Amino acid sequence: HVLGRVNEALGGGGGEARTIGLLDVFGFESFERNGFEQLCINYANEVLQGWFMDALIKREQAEYAREGVVCDHIEYPSNAEQVSMLGGKGGIFALLDEECRIPRGSDEALVEKMHAVFEKSRPSLYSRARFGAGAAGAALAAEVGPETLFCVRHYAEEVQYTARGWLDKNRSAVRHEVTELLAGSDYPLLSLPSGAALEAPPLSTGQSSRAPSVSGVFRESLRSLGAALLVTQQHFVRCIKPNSTKTPHSLDAAYVQRQLRYLGVGAVLEIGRAGYQVKLPYASFLGRYRCVVFDQPGLLDGPPREAAERLLRAAAGKLDGNPDWLPSREAQ
């Protein structure tokens, strides 16, 4: 409702559609028992983390390269392998869809296939559950069966999953009659999201025409979201948890440091220090610093970029051998 009112107010009468979109990202989840829902949520976090790093570091490095600013030395955490293992061709979700199409497919058979595929190809990201004394899998094995447990090392931390019930959940589909009923509601809260959230989105080129699985719909919605984000001006707010116990007035320094490291915040700060964090359009730069060449107004003529270059050269010349010249301009 609030965003709708803001977008309506920004619409104006100029003919250009201006909107504000707010994306509230799922929190990374790791519980004693993690199932299909947690894998979907954590996969979304992996994808969004990749977009974050792409927007704030990769694109920034490309811009610095065009401007001649050296920043190649900066290293940042990449989760491309995690995204590929989960949602790529032959990944966990693909194996799940494949197992759902087998007449006698089972959760146990799915996990065995994942062991066979990923233990050799992704040993640093995938492993069997551990059942030794004190291991996380020891208590859960008695409840769900050890044959359905496996571990995935996400960009944040390692999470142990149980695949119990995954095939049934992945096959689950909302009946078309239900979506029509909700979409026809007179109550906006029900009618607005129903058609988009419950119906499968259009299939991408090359996808099969068979009824999509729950994970397939989820991944397709993420791809659609990514396409929408590419044409927007993005701003990010990263939330850091002070501790893992939700205790007020308690700061766990090691816990905070680990979050800052795997979220890539340090790399973002480093690339800002390596280049120029504050960026002004050329016209704004000229408006702010034109006082430097008040005695040479002709330097400000022409295209803003060329005028800005002339202004900087003139300032460098006046500073050469006269370090007190710049402070004398502060009053202006």
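How many helices and strands are there in the protein? I counted 14 helices and three strands, taking helices (H or I, at least four residues) and strands (E, at least two) as DSSP runs numbered from the N terminus.

Before going further I noted that this is a predicted model, in which local features need pLDDT of at least 70 and side-chain atom pairs count only at pLDDT 80 or more, while totals for chains, interfaces and linings use all residues. Residues are numbered from 1 along each chain as its sequence is written, and side-chain values use heavy atoms, with hydrogens and water left out.

**Cores.** I then turned to nonpolar cores, each a set of buried Ala, Val, Leu, Ile, Met, Phe, Trp, Tyr and Cys residues joined through side-chain atoms within 4.5 Å. The largest has 32 residues, and those with the most contacts inside it are Ile92, Met114, Phe150, Val152 and Trp166. At least two residues of this core come from each of α2 (36–67), α3 (80–87), α4 (92–101), α5 (107–121), β2 (149–153), β3 (158–162) and α7 (166–171), and α2 gives the most, with six. I followed Ile92 and, leaving aside neighbours within four places in sequence, found contacts with Leu39, Met85, Leu86, Met114, Phe118, Phe150, Val152 and Trp166. A second, separate core has 12 residues, including Leu286, Val292, Ala307 and Ala315.

**Cysteines.** I searched for disulfides, meaning pairs of cysteine sulfur atoms within 2.5 Å, and the structure holds zero. Cys100 counts as buried at 15% relative accessibility, whereas Cys239 counts as exposed at 66%.

**Loop between α10 and α11.** I checked backbone angles and found that Lys246, although not a glycine, has a positive phi of about 60°; Lys246 lies in the loop between α10 (214–230) and α11 (253–262) and counts as exposed at 81% relative accessibility. His249 is in the loop between α10 and α11, and the phi of His249, near 55°, is a positive value in a residue other than glycine.

How values were computed:
Buried means under 20% relative accessible area, exposed over 50%, partly exposed in between (1.4 Å probe, protein chains only). Contact means heavy atoms within 4.5 Å.
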